[in-house]
Amino acid sequence: MTRAYRTLFDKVLTKTDPERAHQQAFAAIRAAGPALSRTRTPGSPVHAMGLTFPNVIGLAAGFDKNAVGIDALGGLGFGHVEIGTVTGEGQPGNPAPRLFRLPADRAVINRMGFNNDGAEAVAARLASRLERRGTAGGGPILGINIGKTKLVPEDDQAAVEADYAKSARLLAPYADYLVVNVSSPNTPGLRSLQSVEKLQPLLEHVRSIADQVTKHRVPLLVKIAPDLADSDVVEVADLATAIGLDGIIATNTTIGREHLVSPPAEITAAGAGGLSGAPLKARALDVLRLLRSRVSPEMTLIGVGGITTAADARERLAAGADLLQGYTGFIYEGPFYARRIANGVAR
């Protein structure tokens, strides 16, 4: 089945506009949701941040930006699904085309720009999901990834904190865990928030708001870029320890274009944006190892970036990850990706 999907991808899907292909594929997954929800979750449970994850592999933020297919995606074998990035205000994102494949590198370049319906609309959707599910429970662990609205100036710390606070206030009640995203390259100035001088008050403010609107403590994580210098990674690790953060997600996409084998003209045509997939593997692994060497065993690290095979997953776990996430691997490997990773790790 994997070989058949790869043939379909390489011969057919690569000739379809990537964003349109994503929309069509996601619509098909949602349509199959009732059947998928009856399938057994693969792999073995993982205990982290006071939660029990059905298995080690989750779907990274970016696939389901608006919380429209959480349970269907769980039915594909993902033990957790991280929705978003959600911003305080809805926004259309950057102009299309804004999503590009580099098949020779098994990579994707995106400059989506946090296109999403906004915190109020997503919160309403999550409330409806909760009402439908009632007390039945089940399904994947739900992570909610929040980011900065583009129009909020990054040099106005009070405005930035208020923007993130709006998302936290509306969404934390529905989250199993909450992620502060300060590492996408597609929102101007966002990555400057990774400096500890800006990051500490932001994280502390989000923590305070989340505690005000929930009856139990929702774990809080930060997602960082692979392009940080090692010294900056260490500073983030030390900050996370100092303020009692629950975890760090390593890593987001990269703005680097080193060591690609795709034709230079193809890379140039894709233009700016975050690169994800196999070329990110080495740096994401290095950042994870550095973080694990700096933080306590109790702090949860989620490894993401270039995880394509079960061997990749085992390597990331050996380097110190507690949980894993995939996105580009899912695109290239197909609907059985999560099951293969979860079962491969369990074996």
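## Stop 1

Select His259, which counts as exposed at 80% relative accessibility (exposed means over 50% relative accessible area, buried under 20%, and partly exposed in between, with a 1.4 Å probe and protein chains only). This is a predicted model in which local features need pLDDT of at least 70 and side-chain atom pairs count only at pLDDT 80 or more, while totals for chains, interfaces and linings use all residues. Residues are numbered from 1 along each chain as its sequence is written, and side-chain values use heavy atoms, with hydrogens and water left out.

His259 lies in the loop between S10 and H9; helices (H or I, at least four residues) and strands (E, at least two) are DSSP runs numbered from the N terminus. His259 has a positive phi of about 65° although it is not a glycine. Most residues other than glycine have a negative phi, and most peptide bonds are trans.

Stay in this loop and select Thr251, which is placed between strand S10 (247–250) and helix H9 (264–270). The peptide bond joining Ala250 and Thr251 is cis, with omega about 15°.

Arg257 is also found in the loop between S10 and H9. How accessible is Arg257? Arg257 is partly exposed, with a relative accessible area of 24%. Leaving out residues up to four places away in sequence, Arg257 touches Ile109, Ile267, Gly271, Ala272, Gly273 and Leu275 (contact means heavy atoms within 4.5 Å). Draw a distance from the C-alpha atom of Arg257 to that of Gly274: the two are separated by 9.5 Å and are 17 residues apart along the chain.

## Stop 2: two further backbone sites

Select Gly84 and Thr85, which are joined by a cis peptide bond with omega about 15°. Thr85 has its place in strand S4.

Next select Met49, in the loop between strand S1 (46–48) and strand S2 (51–53). Met49 has a positive phi of about 55° although it is not a glycine. Is Met49 buried or exposed? With a relative accessible area of 16%, Met49 is buried.

## Stop 3: the aromatic pairs

Show the rings of Phe, Tyr and Trp. The structure holds seven aromatic pairs; rings (for Trp, the six-membered ring) pair if their centres lie within 6.5 Å, and planes under 30 degrees apart count as stacked, over 60 as edge-to-face and the rest as tilted.

Select Phe63 and Tyr327: their ring centres are 6.0 Å apart and their planes are at 70°, so the pair is edge-to-face. The pair links distant parts of the chain, 264 residues apart, with Phe63 in the loop between strand S3 (57–59) and helix H4 (70–75) and Tyr327 in the loop between strand S13 (323–326) and helix H12 (328–333). Phe63 and Tyr327 are buried.

Which residues do ring pairs link into a cluster? They are Phe26, Phe63, Phe78, Tyr327, Phe330 and Tyr337.

## Stop 4: helix H13

Select residues 337–346, helix H13, where Tyr337, Ala338, Arg339, Ile341, Ala342 and Gly344 are buried. What covers the buried residues of H13 includes S3, H4, helix H11 (310–318), S13 and H12.

## Stop 5: the largest pocket

Centre the view on Ala61, Gly62, Phe63, Lys65 and Tyr327, which lie nearest the centre of the largest pocket among its 49 lining residues. On a 1 Å grid over the protein atoms alone, a pocket is an open set of points where a 1.4 Å probe fits, with protein on both sides within 12 Å along at least five of seven lines, and lining residues have an atom within 4 Å of a point.

Elements giving two or more residues to the lining include helix H2 (18–31), strand S4 (80–87) and strand S6 (107–110). H2 supplies the largest share, five residues.

## Stop 6: Gly320

Finish at Gly320, in the loop between H11 and S13. Gly320 is buried, with a relative accessible area of 13%. Beyond its neighbours within four places in sequence, Gly320 is in contact with Leu288, Arg292 and Leu301.
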